Amino acid sequence: MSLVQAKMILGNTGCLFLPGICIPFYRITEKEWILLDCGPSSQRENLLGFFRDNGIEVRAVLVSHAHYDHVENCSCLQERYGARIVMTAFDAGMTHDALALKACFYSHTVQDNEVYCGQMVCRADQILSPGAKEAEVCGVIFKLFPLPGHAASHMGIETPDGVMYLADSLFGPRELEWEKLFYMLDWTRALETMEWIRKLPYKDKAYVLAHQGIVREEIASLAEKNLRQMKEGLEEMRNLCQGENTLEELAGKVARAKNTSVKTVEKARLLERLVRSMAEYWLEQGELNVRLRDGILVYVRREEKNNV
(Lines give C-alpha, C1' and ligand atoms only; values in the text may rest on other atoms or scores of the structure.)
Protein backbone atom coordinates (compact mmCIF):
# COMPACT_ATOMS: atom_id res chain seq x y z
CA MET A 1 0.00 0.00 0.00
CA SER A 2 1.34 3.42 -0.99
CA LEU A 3 2.21 5.79 1.83
CA VAL A 4 1.10 8.67 -0.42
CA GLN A 5 -2.56 9.33 -1.05
CA ALA A 6 -3.91 11.93 -3.48
CA LYS A 7 -7.28 13.62 -3.05
CA MET A 8 -8.86 16.24 -5.27
CA ILE A 9 -10.41 19.23 -3.48
CA LEU A 10 -11.90 21.67 -5.98
CA GLY A 11 -11.38 21.85 -9.74
CA ASN A 12 -7.75 21.13 -10.54
CA THR A 13 -6.57 21.59 -6.96
CA GLY A 14 -5.78 18.56 -4.85
CA CYS A 15 -3.66 17.47 -1.93
CA LEU A 16 -1.06 14.77 -1.36
CA PHE A 17 -1.17 13.14 2.06
CA LEU A 18 2.15 11.77 3.29
CA PRO A 19 3.14 10.70 6.82
CA GLY A 20 3.23 13.91 8.85
CA ILE A 21 2.83 16.35 5.94
CA CYS A 22 0.26 17.48 3.37
CA ILE A 23 1.32 18.92 0.01
CA PRO A 24 -1.28 20.77 -2.08
CA PHE A 25 -0.95 20.59 -5.85
CA TYR A 26 -2.47 22.19 -8.93
CA ARG A 27 -2.89 20.20 -12.15
CA ILE A 28 -1.82 22.09 -15.25
CA THR A 29 -2.75 18.94 -17.13
CA GLU A 30 -3.57 15.46 -15.85
CA LYS A 31 0.12 14.56 -15.60
CA GLU A 32 1.75 17.98 -15.11
CA TRP A 33 1.54 19.40 -11.62
CA ILE A 34 2.60 22.46 -9.63
CA LEU A 35 3.31 21.71 -5.96
CA LEU A 36 2.73 24.13 -3.10
CA ASP A 37 5.78 23.19 -1.00
CA CYS A 38 7.45 19.80 -1.41
CA GLY A 39 7.95 18.18 1.99
CA PRO A 40 10.97 16.98 3.97
CA SER A 41 13.75 14.77 2.62
CA SER A 42 12.53 11.96 4.91
CA GLN A 43 9.53 11.59 2.56
CA ARG A 44 11.52 11.90 -0.68
CA GLU A 45 11.38 8.26 -1.71
CA ASN A 46 7.64 8.09 -1.03
CA LEU A 47 7.06 11.26 -3.02
CA LEU A 48 9.24 10.28 -5.98
CA GLY A 49 7.74 6.78 -6.01
CA PHE A 50 4.24 8.24 -6.24
CA PHE A 51 5.20 10.50 -9.14
CA ARG A 52 6.96 7.63 -10.92
CA ASP A 53 4.10 5.18 -10.48
CA ASN A 54 1.52 7.70 -11.69
CA GLY A 55 3.55 9.29 -14.48
CA ILE A 56 3.45 12.74 -12.88
CA GLU A 57 5.84 15.46 -14.02
CA VAL A 58 6.44 18.22 -11.47
CA ARG A 59 6.70 21.48 -13.36
CA ALA A 60 7.15 23.86 -10.40
CA VAL A 61 7.21 24.25 -6.64
CA LEU A 62 5.67 27.41 -5.17
CA VAL A 63 7.12 27.69 -1.65
CA SER A 64 5.12 29.08 1.29
CA HIS A 65 8.16 29.45 3.57
CA ALA A 66 11.64 28.00 3.80
CA HIS A 67 11.50 25.55 6.69
CA TYR A 68 13.00 22.10 6.27
CA ASP A 69 9.69 20.22 6.01
CA HIS A 70 8.59 22.48 3.16
CA VAL A 71 11.69 22.85 0.95
CA GLU A 72 14.05 19.90 1.39
CA ASN A 73 12.96 18.28 -1.89
CA CYS A 74 13.28 21.42 -4.01
CA SER A 75 16.73 20.66 -5.44
CA CYS A 76 15.83 17.04 -6.12
CA LEU A 77 12.66 17.97 -8.04
CA GLN A 78 14.59 20.66 -9.86
CA GLU A 79 17.21 18.16 -10.99
CA ARG A 80 14.82 15.32 -11.82
CA TYR A 81 11.99 17.19 -13.55
CA GLY A 82 13.43 20.62 -14.27
CA ALA A 83 10.86 21.97 -11.81
CA ARG A 84 10.88 25.75 -11.37
CA ILE A 85 11.43 26.75 -7.75
CA VAL A 86 9.44 29.87 -6.84
CA MET A 87 10.25 31.65 -3.56
CA THR A 88 10.08 35.00 -1.84
CA ALA A 89 13.23 37.11 -2.03
CA PHE A 90 13.99 36.44 1.65
CA ASP A 91 13.64 32.67 1.35
CA ALA A 92 15.63 32.56 -1.88
CA GLY A 93 18.47 34.37 -0.16
CA MET A 94 18.29 32.29 3.02
CA THR A 95 18.44 28.94 1.20
CA HIS A 96 21.29 30.05 -1.06
CA ASP A 97 23.96 28.24 0.97
CA ALA A 98 24.83 26.96 4.45
CA LEU A 99 26.09 30.37 5.58
CA ALA A 100 22.88 32.11 4.53
CA LEU A 101 20.88 29.52 6.50
CA LYS A 102 22.21 31.15 9.66
CA ALA A 103 19.50 33.78 9.06
CA CYS A 104 17.14 31.12 10.42
CA PHE A 105 19.44 28.79 12.34
CA TYR A 106 21.52 31.49 14.00
CA SER A 107 22.74 29.21 16.80
CA HIS A 108 24.25 26.75 14.28
CA THR A 109 27.75 26.88 12.88
CA VAL A 110 28.02 26.75 9.10
CA GLN A 111 29.22 23.16 9.47
CA ASP A 112 26.11 22.36 11.54
CA ASN A 113 23.95 23.75 8.77
CA GLU A 114 25.73 21.63 6.20
CA VAL A 115 25.09 18.49 8.26
CA TYR A 116 21.59 19.13 9.62
CA CYS A 117 20.09 21.55 7.10
CA GLY A 118 22.03 20.96 3.90
CA GLN A 119 18.99 19.55 2.10
CA MET A 120 17.36 22.97 2.38
CA VAL A 121 19.93 24.58 0.10
CA CYS A 122 18.46 25.22 -3.34
CA ARG A 123 18.45 27.67 -6.22
CA ALA A 124 15.33 29.75 -6.82
CA ASP A 125 14.35 30.06 -10.49
CA GLN A 126 11.73 32.71 -9.84
CA ILE A 127 11.94 35.25 -7.00
CA LEU A 128 8.81 36.97 -5.72
CA SER A 129 9.21 40.63 -4.87
CA PRO A 130 8.23 41.80 -1.37
CA GLY A 131 4.52 42.54 -1.20
CA ALA A 132 3.68 40.58 -4.36
CA LYS A 133 -0.05 39.82 -4.44
CA GLU A 134 0.10 37.17 -7.14
CA ALA A 135 2.52 34.90 -8.92
CA GLU A 136 2.36 33.51 -12.44
CA VAL A 137 3.85 30.03 -12.39
CA CYS A 138 3.94 27.99 -15.61
CA GLY A 139 1.14 30.18 -16.95
CA VAL A 140 -1.08 29.72 -13.86
CA ILE A 141 -1.97 32.70 -11.66
CA PHE A 142 -1.86 32.12 -7.89
CA LYS A 143 -2.95 34.75 -5.36
CA LEU A 144 -0.54 35.44 -2.51
CA PHE A 145 -1.21 36.86 0.94
CA PRO A 146 1.12 37.45 3.90
CA LEU A 147 0.83 35.22 6.98
CA PRO A 148 3.63 36.59 9.18
CA GLY A 149 4.59 35.05 12.48
CA HIS A 150 5.65 31.43 12.07
CA ALA A 151 8.48 32.41 9.72
CA ALA A 152 10.06 35.61 8.47
CA SER A 153 8.50 35.37 5.01
CA HIS A 154 5.54 33.05 5.54
CA MET A 155 2.85 33.42 2.87
CA GLY A 156 -0.48 31.85 2.02
CA ILE A 157 -1.33 30.77 -1.52
CA GLU A 158 -4.72 30.62 -3.24
CA THR A 159 -5.12 28.47 -6.34
CA PRO A 160 -7.32 29.48 -9.31
CA ASP A 161 -9.98 27.14 -7.84
CA GLY A 162 -10.25 29.19 -4.66
CA VAL A 163 -8.45 26.71 -2.40
CA MET A 164 -6.30 28.55 0.13
CA TYR A 165 -3.10 26.96 1.44
CA LEU A 166 -2.40 28.32 4.93
CA ALA A 167 0.80 26.25 5.41
CA ASP A 168 1.99 26.47 9.06
CA SER A 169 0.03 29.54 10.14
CA LEU A 170 -2.22 27.49 12.42
CA PHE A 171 -2.35 23.99 13.82
CA GLY A 172 -4.89 21.20 13.45
CA PRO A 173 -6.77 19.52 16.34
CA ARG A 174 -4.28 16.68 16.63
CA GLU A 175 -1.34 19.07 16.80
CA LEU A 176 -3.08 21.19 19.42
CA GLU A 177 -3.58 18.06 21.48
CA TRP A 178 -0.09 16.58 21.00
CA GLU A 179 2.20 19.59 20.82
CA LYS A 180 3.55 20.87 24.11
CA LEU A 181 5.36 23.82 22.54
CA PHE A 182 4.77 25.67 19.29
CA TYR A 183 7.44 27.48 17.31
CA MET A 184 6.74 31.03 16.20
CA LEU A 185 9.41 33.43 15.05
CA ASP A 186 7.26 36.42 16.03
CA TRP A 187 4.34 35.85 18.38
CA THR A 188 2.87 39.34 18.00
CA ARG A 189 2.49 38.89 14.24
CA ALA A 190 1.42 35.26 14.61
CA LEU A 191 -1.49 36.29 16.85
CA GLU A 192 -2.48 39.01 14.37
CA THR A 193 -2.39 36.43 11.57
CA MET A 194 -4.58 34.10 13.61
CA GLU A 195 -7.14 36.86 14.14
CA TRP A 196 -7.20 37.42 10.37
CA ILE A 197 -7.70 33.71 9.69
CA ARG A 198 -10.54 33.61 12.23
CA LYS A 199 -12.53 35.99 10.04
CA LEU A 200 -12.03 34.13 6.75
CA PRO A 201 -15.19 33.08 4.90
CA TYR A 202 -15.92 29.37 4.79
CA LYS A 203 -18.95 29.02 2.51
CA ASP A 204 -17.91 27.19 -0.67
CA LYS A 205 -14.27 27.52 0.40
CA ALA A 206 -11.57 25.02 1.28
CA TYR A 207 -8.34 25.50 3.17
CA VAL A 208 -5.26 23.29 3.47
CA LEU A 209 -2.99 23.13 6.51
CA ALA A 210 0.47 21.66 6.04
CA HIS A 211 0.14 19.19 8.91
CA GLN A 212 -3.62 18.74 9.08
CA GLY A 213 -5.02 18.54 5.58
CA ILE A 214 -8.28 19.94 4.26
CA VAL A 215 -10.35 22.25 6.46
CA ARG A 216 -13.69 23.79 5.52
CA GLU A 217 -16.37 25.32 7.75
CA GLU A 218 -14.41 24.56 10.94
CA ILE A 219 -11.72 27.11 10.01
CA ALA A 220 -13.06 29.81 12.38
CA SER A 221 -13.40 27.50 15.41
CA LEU A 222 -9.96 26.03 14.71
CA ALA A 223 -8.43 29.51 14.63
CA GLU A 224 -10.18 30.26 17.95
CA LYS A 225 -8.65 27.15 19.52
CA ASN A 226 -5.23 28.10 18.19
CA LEU A 227 -5.54 31.61 19.61
CA ARG A 228 -6.61 30.33 23.00
CA GLN A 229 -3.82 27.76 23.26
CA MET A 230 -1.15 30.16 22.01
CA LYS A 231 -2.16 32.80 24.55
CA GLU A 232 -2.25 30.22 27.34
CA GLY A 233 1.26 29.08 26.42
CA LEU A 234 2.56 32.63 26.39
CA GLU A 235 0.99 33.36 29.77
CA GLU A 236 2.44 30.20 31.26
CA MET A 237 5.91 31.14 30.04
CA ARG A 238 5.58 34.64 31.53
CA ASN A 239 4.50 33.20 34.88
CA LEU A 240 7.59 30.99 34.93
CA CYS A 241 9.80 34.05 34.82
CA GLN A 242 10.19 34.48 38.57
CA GLY A 243 13.18 36.55 39.67
CA GLU A 244 16.14 37.00 37.32
CA ASN A 245 16.44 34.48 34.48
CA THR A 246 19.01 34.02 31.78
CA LEU A 247 17.54 32.72 28.55
CA GLU A 248 18.98 29.27 29.31
CA GLU A 249 17.43 29.29 32.79
CA LEU A 250 14.09 30.32 31.36
CA ALA A 251 14.29 27.58 28.72
CA GLY A 252 14.99 25.04 31.47
CA LYS A 253 11.92 26.18 33.40
CA VAL A 254 9.74 25.88 30.31
CA ALA A 255 11.07 22.39 29.51
CA ARG A 256 10.36 21.18 33.05
CA ALA A 257 6.89 22.73 33.12
CA LYS A 258 6.01 21.07 29.81
CA ASN A 259 7.69 17.79 30.80
CA THR A 260 9.81 18.10 27.66
CA SER A 261 12.95 15.99 27.54
CA VAL A 262 16.00 17.77 26.11
CA LYS A 263 18.63 15.12 25.36
CA THR A 264 20.26 16.43 22.19
CA VAL A 265 22.05 19.62 21.24
CA GLU A 266 19.59 20.16 18.39
CA LYS A 267 16.60 19.93 20.74
CA ALA A 268 18.27 22.40 23.12
CA ARG A 269 18.89 24.83 20.26
CA LEU A 270 15.28 24.59 19.10
CA LEU A 271 14.02 25.17 22.64
CA GLU A 272 16.28 28.22 22.97
CA ARG A 273 14.88 29.74 19.76
CA LEU A 274 11.32 29.02 20.84
CA VAL A 275 11.67 30.49 24.34
CA ARG A 276 13.59 33.49 23.00
CA SER A 277 10.70 34.34 20.66
CA MET A 278 8.18 34.05 23.52
CA ALA A 279 10.32 36.29 25.73
CA GLU A 280 10.55 38.81 22.90
CA TYR A 281 6.75 38.90 22.71
CA TRP A 282 6.54 39.88 26.40
CA LEU A 283 9.33 42.44 25.91
CA GLU A 284 7.24 44.01 23.14
CA GLN A 285 4.21 44.01 25.44
CA GLY A 286 6.21 45.62 28.24
CA GLU A 287 5.54 42.68 30.58
CA LEU A 288 9.20 41.60 30.71
CA ASN A 289 12.33 43.68 30.96
CA VAL A 290 16.00 42.87 30.45
CA ARG A 291 18.82 43.89 32.74
CA LEU A 292 22.45 42.97 33.26
CA ARG A 293 23.68 40.56 35.92
CA ASP A 294 27.47 40.35 35.96
CA GLY A 295 27.50 41.35 32.30
CA ILE A 296 24.89 38.75 31.31
CA LEU A 297 21.37 39.56 30.08
CA VAL A 298 18.60 38.41 32.42
CA TYR A 299 14.83 38.62 32.03
CA VAL A 300 12.70 40.09 34.81
CA ARG A 301 8.94 40.49 35.03
CA ARG A 302 7.76 44.10 34.98
CA GLU A 303 6.36 44.03 38.52
CA GLU A 304 9.62 42.58 39.83
CA LYS A 305 11.92 45.01 38.03
CA ASN A 306 12.47 47.26 41.02
CA ASN A 307 12.36 44.54 43.63
CA VAL A 308 15.07 42.13 42.36
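These legends accompany several close-up views of a predicted model. Local features are reported at pLDDT of at least 70 and side-chain atom pairs only at pLDDT 80 or more, while totals for chains, interfaces and linings use all residues. Residues are numbered from 1 along each chain as its sequence is written, and side-chain values use heavy atoms, with hydrogens and water left out.

**View 1. The whole chain, to get your bearings.** The chain has 10 helices and 15 strands; helices (H or I, at least four residues) and strands (E, at least two) are DSSP runs, numbered from the N terminus. Its radius of gyration, taken over C-alpha atoms, is 20 Å, close to the 19 Å from the globule rule for 308 residues, so the chain is as compact as a globular protein of that length. That rule is 2.2 Å times the number of residues to the power 0.38. Along the principal axes, the C-alpha atoms fill a box of roughly 70 × 45 × 40 Å. Of the 308 residues, 52% count as buried, a word that here stands for under 20% relative accessible area, with exposed over 50% and partly exposed in between (1.4 Å probe, protein chains only).

**View 2. A cluster of aromatic rings around Phe51.** Ring pairs join Phe25, Trp33, Phe50, Phe51 and Tyr81 into a cluster. Rings of Phe, Tyr and Trp (its six-membered ring) pair if their centres lie within 6.5 Å; planes under 30 degrees apart are stacked, over 60 edge-to-face and the rest tilted. Across the whole structure, nine aromatic pairs turn up. One of them is Trp33 with Phe51, edge-to-face at 6.4 Å centre to centre and 90 degrees between the planes. This pair links distant parts of the chain, with Trp33 in strand S4 (residues 32–36) and Phe51 in helix H1 (residues 44–54), 18 residues apart. Both Trp33 and Phe51 are buried. Phe51 also pairs edge-to-face with Phe50, at 5.9 Å centre to centre and 70 degrees between the planes, and Phe50 is buried too.

View 3. Have a look at the loop between S4 and H1, where Gln43 is found. Gln43 is buried because its relative accessible area is 11%. The C-alpha atoms of Gln43 and Ile21 are separated by 8.9 Å, and the two residues are 22 apart along the chain.

**View 4. Arg238 over the ring of Trp282.** Here the charged end of Arg238 sits over the Trp282 ring, 5.9 Å from its centre. The criterion asks for NZ of Lys or CZ of Arg within 6 Å of the ring centre and within 35 degrees of the ring normal.

**View 5. Two residues with positive phi.** Most residues other than glycine have a negative phi. Asn259 has a positive phi near 55 degrees, and this residue is in the loop between helix H9 (247–257) and helix H10 (265–285). Asn259 counts as exposed because its relative accessibility is 63%. Asp294, also not a glycine, has a positive phi of about 55 degrees. Its loop runs between S14 and strand S15 (296–301), and Asp294 is exposed at 76% relative accessibility.

**View 6. Leu292 in strand S14.** To finish, Leu292 lies in strand S14 (residues 288–293). With 59% relative accessibility, Leu292 counts as exposed.
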